[in-house]
Amino acid sequence: MADIAWLMRRLKAMSLPEVAWRLSQKQIQKNEEKRFRSNKCLVVDELFDKKLEGLNLDADKMHLNLDNRDYSLSASIPLLGGYDYEEYKKAWSAGFQTENEWSDTFSYSLEYKQRDDIGDARTNWELNRHFQFALLAKDYYASGDKKYLDELMMLFEDWNQKNPFLWGISWTSVMEIAIRCSNWCYTYCFLVKSNDVPKEILMQLQTGILNMTSYIENHYSRYSSANNHLIVEAYAIGQSGALFGNQKWVDLAVSILTREFPLQNYSDGINKELSLHYQSFYMEAVGLLMRLLLKNDISVPESWYTWLSEMSEYLATCVGKHGEVIEFGDNDDGKILDLCGGFSHYQYVLGLMSCLLDTEYTDVSKCCENLNWLFTAEERAEACKKDMYTPKKCTCYKEGGNTILRSEDERILIGIDHAALGFGSIAAHGHADALSFQMYVDGQPIFVDPGTYIYHCDIENRNAFRRTENHNTVCVDGKDQSEMLGAFLWGKRAECELLQFDESDDKVTLEASHNGYSPAIHTRSYTFNYKDELIISDELTAEADMVANFILAPDVSVTLSENEACISTIDITVVMKICCDKECDVGIIDKPYSRKYGVYEKTNGICVSARTNKSKVIIKIEERIV
């Protein structure tokens, strides 16, 4: 539950204009409460804004590839945390982490943050985003099998009856409404092109889309909340504008997205939230709208091409030849469109960008089914003819603050974080992981980021997955580099500085520092020989209790022998030699790990601890067993 102390900290992160805007939002909410609290209305029953009467959704403007014959048929979607969809498919108010449910409460009065008594709101929202509606509509269009239409109509009726407008957990987030609105648009477009679909559900979908879009227009995120949420909300407004022929909505969406590109992204292509997943999520939203604009001969600002090209290059650089990915910061597995029931989001977004831009960033022929419906076979074939983007051995993003290294044979992929904590005054999705690193060998994770695990409950673990001690960096005197003030709120932050970057044919050296342990400064250098050896050296400006953590993937084994660790998988051996100018302790301890949102497990961490101001570790990929 939100407390007074948190509210005061959150208020300090706001500017005066933001406070004024939030007060104006409260007045709008007060008026909406008068209208909808005493009279529960379904979002599909009537048009709330009579000015929108006369607007009709033109499915042809979606420009789906209705000739597609390369598709799958599935009536279920993956749920966060590995929950069984068949068990929960009508449990719209499920708490998931507990047996309790979210109450039938007016949404403005429903406190959903840190509700250990119920569960994680983000887990629940996944079900209420309605990927299953678009999926079932696609299934029915593609197969003509009425069981998919019957299933969709049953779920659609059940959801609307149990989730009146602005009542319950599914109406507590504007971005969630935007994603649901988008999926209703795709649902409508597949159904209207199918046979024997009752007109009633088509009319209800259209009414619901208009009502949700109007709501988003009045409540889209701004100021310190204007991160990826705003991008998705603007996308939904623009999509509805294009499909309904409402130029006002199109213009609003385009103006927001054009303005936000330089505000939310560094010029070298890294999103300022410093989360690869949220960068991909951002790019999907813009890419889907860009496709729609181009298909309908609506001009796209030239700056979009420049920004998306830079962002695509960074995203592609973070992906290894085996599909492994360097990820820092939060990842909640968010997406906007899923017409097949699960896929690699990074490969899909790179495929989407390959179809829209002048470069191929991944093999489009191997991308997910979404692209088969969004682009014709000819368009996908043309994308495959474009020049393929090839990442360099070393790419240092000096502005964005990440460096990605590859060995000459591409067996080894390394990511180094020397970036800011996160975006804006709250840095919502950042982790206290300055100067940390990750390493993959032959596509297998060796040294890993712990992941995210959970958002809106179990604050102890929400914090644990963001703590310095659970990342591959140095922890001093048991402290975090940056100050956590809430689940998505940071106070005092570590500031990084890139001190040196030298690259030659046979090695690269990077040195950076941060002031998170002020007055002591932590400096770390990485030297990689592009073949099989990474040397990491740490130095503090004052002697302290220094612990260097090395978090291992759960699938590897480790043994210690004096100041040496032998790390093994089935076919890889990595030897880590520890050098310290003072007597040090080297131990293996349990560390938290989450490979997917909502899934918690334990893994091993190698901890090198000493009362010192210097240490060095040499990591060598010593052999490969074939």
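These legends go with close-up views of a predicted model.

**View 1. Helix 10 from end to end.** Here's helix 10, running from residue 247 to 264. Its 18 residues reach 25 Å from the first C-alpha to the last, close to the 26 Å expected at 1.5 Å a residue. Look at the N-terminal end for the cap: a side-chain oxygen of Asn 246 sits 3.1 Å from the backbone nitrogen of Lys 248.

**View 2. The buried face of helix 10.** Trp 249, Val 250, Ala 253, Val 254, Ile 256, Leu 257, Glu 260, Phe 261 and Gln 264 are the buried residues of this helix.

**View 3. Val 43 in the largest nonpolar core.** This core has 146 residues, and Val 43 is one of those that touch the most other members, along with Trp 184, Tyr 186, Leu 191, Leu 288, Trp 304 and Leu 308. Beyond four places in sequence, the contacts of Val 43 include Phe 48, Trp 159, Phe 165, Trp 171 and Trp 184.

**View 4. Asn 183, a buried residue of helix 7.** Asn 183 lies in helix 7 and is buried, at a relative accessible area of 0%. Its side chain reaches the backbone oxygen of Ile 336 at 3.3 Å. Setting aside residues up to four places away in sequence, Asn 183 also touches Arg 129, His 130, Phe 131, Ala 134 and Leu 337.

Methods. Residues numbered from 1 in each chain as written. Predicted model: local features only at pLDDT ≥ 70, side-chain atom pairs only at ≥ 80, totals over all residues. Heavy atoms only, no water. Helix = DSSP H or I, 4+ residues; strand = E, 2+ residues; numbered from the N terminus. Expected span 1.5 Å × (residues − 1). Buried < 20%, exposed > 50% of the residue type's maximum accessible area, 1.4 Å probe, protein only. Polar contact = N/O pair within 3.5 Å; in protein donor to acceptor, adjacent residues only side chain to side chain. Core = buried A, V, L, I, M, F, W, Y, C linked by side-chain atoms within 4.5 Å. Contact = heavy atoms within 4.5 Å.
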